[in-house]
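Visitor: I'm new to this one. Could you show me how to read it?

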Amino acid sequence: MLIVTYFVLSPYINGIKQLKKNPDLLFKKLNLTLIFMGLGISFSSLQDTSKAQNKFSKKNWENPKKGKIMIAFMSFMILCSLIFGLIGYFSTEVGVLKELSIGIIVLGLGMFGLLKASIEMFENHRKDKNTGYNTV
């Protein structure tokens, strides 16, 4: 995510004069931002799903209603990003939109790993299913 921060801020650090000379630079940086953001989000799925990161996250995953809403929202975001990315990729031959579409597709694919981790966290932390008693 530090690389993403660099790509987001680099057009502003380099100056507006450079953007006036090369207006496509902003879109190239945005594409790289989306690609590395998708990569970073996919790496976040390697976390331990048996532990919650903070109290807010734990409170959301323990509640069955909130957990289902979060999973549905994440699924909707993935579906939208993949649909918009594929439409943009196949509707243009060459240009900025085709490049941005690749970044949006990579972001959507990276979110699949996060969705998998979220489903596991929801199953591990649910209060209505996990009573704490193990019967063998």
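Predicted model: local features only at pLDDT ≥ 70, side-chain atom pairs only at ≥ 80, totals over all residues.

Visitor: Which residues line the largest pocket?

Guide: Ser44, Gln47, Gln53, Phe56, Ser57, Asn60, Trp61, Met70, Met74, Leu114, Ser118 and Met121 do. Helix H4 (55-62), helix H5 (64-91) and H6 each give two or more residues to that lining.

Visitor: Which element gives the most to the lining?

Guide: That's H4, with four residues.

Visitor: Now the helices. What describes two packed helices?

Guide: You give the angle between their axes and the distance between the axes. Here, take helix H3 (residues 24-43) and helix H6 (residues 96-125): their axes come within 7 Å and cross at roughly 15 degrees.

Visitor: Are H3 and H6 roughly parallel or roughly antiparallel?

Guide: Angles under 35 degrees count as roughly parallel, so H3 and H6 are roughly parallel to each other. As for handedness, H3 passes H6 in a left-handed crossing.

Visitor: Which residues make the contact?

Guide: On H3, they include Phe27, Leu30, Leu34 and Ile41. On H6, Leu100, Ile104, Leu107 and Leu114 are among them. By class, the residues of this H3 and H6 contact divide into 14 nonpolar, five polar and three charged.

Methods
Residues numbered from 1 in each chain as written. Heavy atoms only, no water. Axes fitted to C-alpha atoms, helices over the stretch in contact; angles between N-to-C directions. Parallel < 35°, antiparallel > 145°, perpendicular 65-115°, else oblique. Left-handed = near helix turned anticlockwise from the far one by under 90°. Contact = heavy atoms within 4.5 Å. Nonpolar A, V, L, I, M, F, W, Y, C, P; charged D, E, K, R; others polar. 1 Å grid on protein atoms, 1.4 Å probe; cavity = no way out; pocket = protein on both sides within 12 Å on 5 of 7 lines; lining within 4 Å.
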